[in-house]
Amino acid sequence: MIKKKYLLIICDGMGDLPIAELGNKTPLEAASTPNLDRLAQNGKLGLMYVLGKGIRPNSDEAHLVLLGYDLEKDYPGRGPIEAAGVGIVLQEGDVAIRANLATIDQDLHVIDRRAGRIKDCSAFIKDLDGMEIDEVKFVLKPGTGYRVALVMRGKGLSDQITNSDVHYATEDKIVEHWEGLPVNVIKPLDDSVEAKFTAEVLQRFLERAHEVLEKNPHNGKRQENREVKGNYLLTRGPGYFKQLQSFKEKWGKTACCIAGAGLYKGLGVMAGMDLIEVSGATGMPDTNVGAKIQAAREQLKNYDFVFVHIKPTDIFSEDGNWQGKREFIEKIDLAIDFLEETGAVICVTADHSTPCILKDHSADPVPLLINRPGEFGDGIEKFSEPFCAKGSLGAIEGKDLMKLLFEY
Ligand code: ZN
């Protein structure tokens, strides 16, 4: 028996709502997508409520659930996912935190949360990587632009601490007008010894990091160029790392991940997938989607399951750019050219809807397409939200996607 191969393509935020300028069609509906439409005609369609009806998903939670993990039990927080995505090998008990390189004045008031959207913060971060306070080691790696992954490694740590970021005192407490506010002092969120210790050590680290960053020669150069300094770390999204059951253990399939953006690479790594680096995969609108799908075709020879993540559909949506979204969907379609010739079971879907008119994620269900070689298709002519509502898969929940795909 030939081993079945599976290809999962998640187009981030692809689901949408009717747009007046598109004749009340969605960007997917208005796009010319001959390849997706052929896969749809010969495959089955449906709608998917990724986290359940009425729930507006975050990307990371949505992906974890789509891959078959239990949000309650397995969700590690954003920090660990981002850290794994930039290549920090996490250990059980680590607390991983997202940070921005930011600009503050001498009274510790925030001038710019992103240090003038600095393009590369490596030269600032390298002086802080490896620092130790009270036997807690700080591991830091630059992410894209001003973003930093920060990991605290040591005994007795907790993720129950607040953020130094003025925009997010805690993850669900957002401060809109943060300009000129003093940086938040890290505080414990519960009464445990661990939370108190972690908050104190992190606060001391942030103060010491501020001194080191102030003296960084790159800040002198930035000031000469009338650019703001990078002199503080604004932290958020702490998460305690515990090893997840691997995708292979869970589903009995070897798996790899092809993604441009750090968050999705991190999710792949956490699920024990091999990361396939594709040059030109940026996770931005200029990403080379053709190269990613080409890499997927090749990796289907090596793995049972290939997960491809495509980000720009969501980026265009959050800008309200329905035109850009439609054109990008056409680019995806071009890349998917006769993908069924791989002989793999192909699934194309999204992690959530991001309607262009809302410029934000919504609770609307996402379009779902599953094409199995040699199977009767629904014969529905177009891959789009309204046609998916008529498909034979009906309306499913995200937690059931892998079971459906693998025919458990
Ligand atoms: Zn998303």
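Predicted model: local features only at pLDDT ≥ 70, side-chain atom pairs only at ≥ 80, totals over all residues.
Colleague: Which residues are the protein donors of the zinc ion?

Modeller: Donors are N, O and S atoms within 2.8 Å of the metal (3.2 Å for Na, K and Ca); water is not among the atoms, so sites may look incomplete. Here the protein donors lie 2.0 to 2.7 Å from the zinc ion. Their spacing along the chain is D-x46-S-x291-D-H.

Colleague: How many residues apart are Ser-59 and Asp-351?

Modeller: Helices (H or I, at least four residues) and strands (E, at least two) are DSSP runs, numbered from the N terminus. Ser-59 is in helix H3 (residues 59-66), and Asp-351 is in the loop between strand S14 (345-349) and strand S15 (366-371). The pair links distant parts of the chain, 292 residues apart.

Colleague: Is Asp-351 buried or exposed?

Modeller: Buried means under 20% relative accessible area, exposed over 50%, partly exposed in between (1.4 Å probe, protein chains only). Ser-59 counts as buried at 8% relative accessibility. Asp-351 has a relative accessible area of 0%, so Asp-351 is buried.

Colleague: How many residues of H3 are buried?

Modeller: The buried residues include Ser-59, His-63 and Leu-66. Just after H3, Gly-68 takes a positive phi of about 100 degrees. H3 itself is mostly covered, and its buried count is 8 of 8.

Colleague: What is the strand order of the open sheet?

Modeller: Two strands pair if DSSP finds at least two bridges between them. The sheet has 8 strands with mixed pairing. Strand S12 (274-275) and strand S16 (394-397) each have a single partner strand, so they stand at the edges. The order is S12-S11-S13-S1-S14-S15-S2-S16.

Colleague: Which residue in S14 is the bridge partner of Leu-8?

Modeller: Strand S1 (residues 6-11) has 6 of its 6 residues buried. S1 runs parallel to strand S13 (residues 305-310), with 6 bridges, and Leu-7 stands opposite Val-306 there. S1 also runs parallel to S14, with 5 bridges. In S14, the partner of Leu-8 is Cys-347.

Colleague: Which residue in S16 does Leu-47 stand opposite?

Modeller: Strand S2 (residues 44-49) pairs with S16 in the parallel sense. The pairing spans 4 bridges. Opposite Leu-47 stands Ala-395.

Colleague: At what angle do helix H5 and helix H10 pack?

Modeller: Axes are lines fitted to C-alpha atoms, for helices over the stretch in contact, and angles run from 0 to 180 degrees between N-to-C directions. The axes of H5 (residues 78-85) and H10 (residues 262-270) are 6 Å apart. H5 is therefore roughly perpendicular (65 to 115 degrees) to H10. The angle is about 90 degrees.

Colleague: Which residues does Arg-372 touch, not counting residues up to four places away in sequence?

Modeller: Arg-372 is in the loop between S15 and helix H14 (385-388). At 10% relative accessibility, Arg-372 counts as buried. Contact means heavy atoms within 4.5 Å. On that count, Arg-372 touches Val-345, Leu-404, Leu-405 and Glu-407.

Definitions and conventions
Residues numbered from 1 in each chain as written. Heavy atoms only, no water. Parallel < 35°, antiparallel > 145°, perpendicular 65-115°, else oblique.
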